[in-house]
Amino acid sequence: MLWSLLKILVFVAIIAVLAFGAGILMETAGGVQITVAGTEYTLGALQSVLALGVLVLVVWLFFKLLALLIATLKFLNGDETAISRYFDKGREQKGYQALSDGLMALASGEGRLALAKAARAARYLEKPELTDLLTAQAAEMVGDTKKAAEAYKRLLGNQNTRFVGVRGIMKQKLSDGDTDTALQLAEKALALRPKHEEVQDTLLQLQARAEDWAGARKTLSTKLKTGTLPRDVFKRRDAVLALSASRAVADEDATLEQREQAIEANRLSPDLVPAAAMAARAYLAQGKKRNAIKVLKKAWEAQPHPDLAHAFAEVEPDETPAQRVKRFEQLARLNPHDDETRLVMAELLIVAEDFPEARRTLGDLVERAPDARVLTLMAAIEKGEGAEDAVIQGWLARALSAPRGPQWVCSNCNHIHAEWAPVCEHCTSFDTLSWTRPETPELASATAAHMLPLITGAVGANAVVVAQATTEDIPDAELVEGESDETAALDGEQQAVDKTGADSP
């Protein structure tokens, strides 16, 4: 209200000033004389002022028309002018609208519509970093990999979009199965964006699949430095990589560097079972039994495992069964209630022919966790105590359909592996294997054959021969005429138990 009143007062004041000025000019004597073509024109004071105003207006209009004429000529010549900017603004609005529609179509899953909108946006906009990216993603959605690859290659020419282009082509190569090219592209992408977590993980997985353990450890260090990996996980995976680099340490021609890598892997992650077993063998190769025992005890305390028991048996390969039972009590005291501890001690007691103590050692495993290994040991105990064949075959019959027990299982795809590996052979995931009971029972288990050398007291080359001989007995049991397949399988298990008793010292 007050603002409206103020505006009215100002307007009235301006009118009053103009009227007052016009009155003064009308009363003022004199004027301006103008001679044009011999004709003299005399203007009064007020007329002179009005004529000056009209002259100023005409001059202003003249310069404006002149500027418009010059701009038109420049526009026709292709130069940037206000006219060209006016038309460009319209094109830009159409381009951004098409880009927006394309993004909405992409989010809605309409790949072909997104491609059409991307092409329209490319005609109106000079923003290839936006339109090419939309084109590539829309082409991938509709399955046009060739068009997507062309768009990603165009993105390589701009320094700001180079990473996007490299990453896009890398993912295409991965989907095509060209892991060698994908590995090279992943290295370039990481060089462009060292903190990109997805590229770090992809490169690490590809290097692990290619067994480039040195490169994988370098990538793992980059993940630690950029904060994308906790330090405890880093130490575990660094140990896995160091262990993978020393897988040949069990060979006779293993180099000193490989043995040192196995020892380093155990130092980085003492609870990593394969690292502990290989480090112990490395120490044994150097004649350092005390160090090997220390490594195995520490790992057994964290997680008892058959591989650790075998390595512990190799410390004294020529001892008697009774001596072995006594020495293994060192491990049993570290983790006495673990199922693996009880199984190993029961096997050793069977070899020492102390069958009642073996039965007591198994305890409630037969009722609580009756896997094939436990039931086979019960059959061996019954055999050693002189039980009838029907009782022995009853235990073996249960073992045929029982779960196989703990195995190396991939936590990502639940694939079961016969032995530990840094990369899952099924889904190629890195460091996903853990020693656990499979969610779905597997058809066969190598645990019984794997532990047989420990039972018989044989290690080294003899262990392999005994294990192969036993495992060959079970599946190759010949069918007697008139017997069923199940009876033949039971006979095979019976032969395994008999052979175990025959080979015992």
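## Lys223 in helix H10

Lys223 lies in helix H10 (residues 213-225); helices (H or I, at least four residues) and strands (E, at least two) are DSSP runs, numbered from the N terminus. The model is predicted, so local features need pLDDT of at least 70 and side-chain atom pairs count only at pLDDT 80 or more, while totals for chains, interfaces and linings use all residues. Residues are numbered from 1 along each chain as its sequence is written, and side-chain values use heavy atoms, with hydrogens and water left out.

Lys223 counts as buried because its relative accessibility is 1%. Buried means under 20% relative accessible area, exposed over 50%, and partly exposed in between (1.4 Å probe, protein chains only). Apart from neighbours within four places in sequence, Lys223 is in contact with Glu197, Gln200, Asp201, Leu204, Thr228 and Leu229; contact means heavy atoms within 4.5 Å.

## Nonpolar cores

In soluble globular proteins, nonpolar side chains tend to be buried together. A nonpolar core is defined here as a set of buried Ala, Val, Leu, Ile, Met, Phe, Trp, Tyr and Cys residues joined through side-chain atoms within 4.5 Å.

The largest nonpolar core has 74 residues, and Phe328 and Leu362 have the most contacts inside it. Helix H13 (residues 273-285) gives the most to this core, contributing nine residues. A second, separate core of 30 residues includes Ala98, Ala151, Val166 and Leu185.

## Two helix pairs

Two packed helices are described by the angle between their axes and the distance between the axes. Axes are lines fitted to C-alpha atoms, for helices over the stretch in contact, and angles run from 0 to 180 degrees between N-to-C directions. Angles under 35 degrees count as roughly parallel, over 145 as roughly antiparallel, 65 to 115 as roughly perpendicular and the rest as oblique.

Helix H15 (residues 306-313) and helix H16 (residues 321-334) pack at an angle of about 130°, with their axes 11 Å apart. H15 is therefore oblique to H16. On the H15 side, the contact is made by Ala309, Phe312 and Ala313, and on the H16 side by Arg324, Arg327, Phe328 and Leu331.

The axes of helix H4 (residues 111-124) and helix H5 (residues 128-142) come within 8 Å and cross at roughly 160°. H4 and H5 are therefore roughly antiparallel to each other. Residues that make the contact include Ala114, Leu115 and Ala118 of H4 and Leu134, Ala138 and Val142 of H5.

## The three-stranded sheet

Three strands form an open sheet in the order S4-S3-S5, with antiparallel pairing. S4 and S5 stand at the edges, each with a single partner strand, so one side of each is left without a neighbour in the sheet. Two strands pair if DSSP finds at least two bridges between them. S3 pairs with S5 (residues 433-436) over four bridges and with S4 (residues 416-417) over two bridges.

In S5, the bridge partner of Trp408 is Trp435 and that of Cys410 is Leu433. In S4, the bridge partner of Trp408 is His417. The hairpin of S3 and S4 has five residues between the strands, and Asn414 in this hairpin takes a positive phi near 65°.

In a regular strand the side chains alternate between the two faces of the sheet. Both faces of S3 (residues 407-410) are covered: Gln407 and Val409 on one side, and Trp408 and Cys410 on the other, are all buried.
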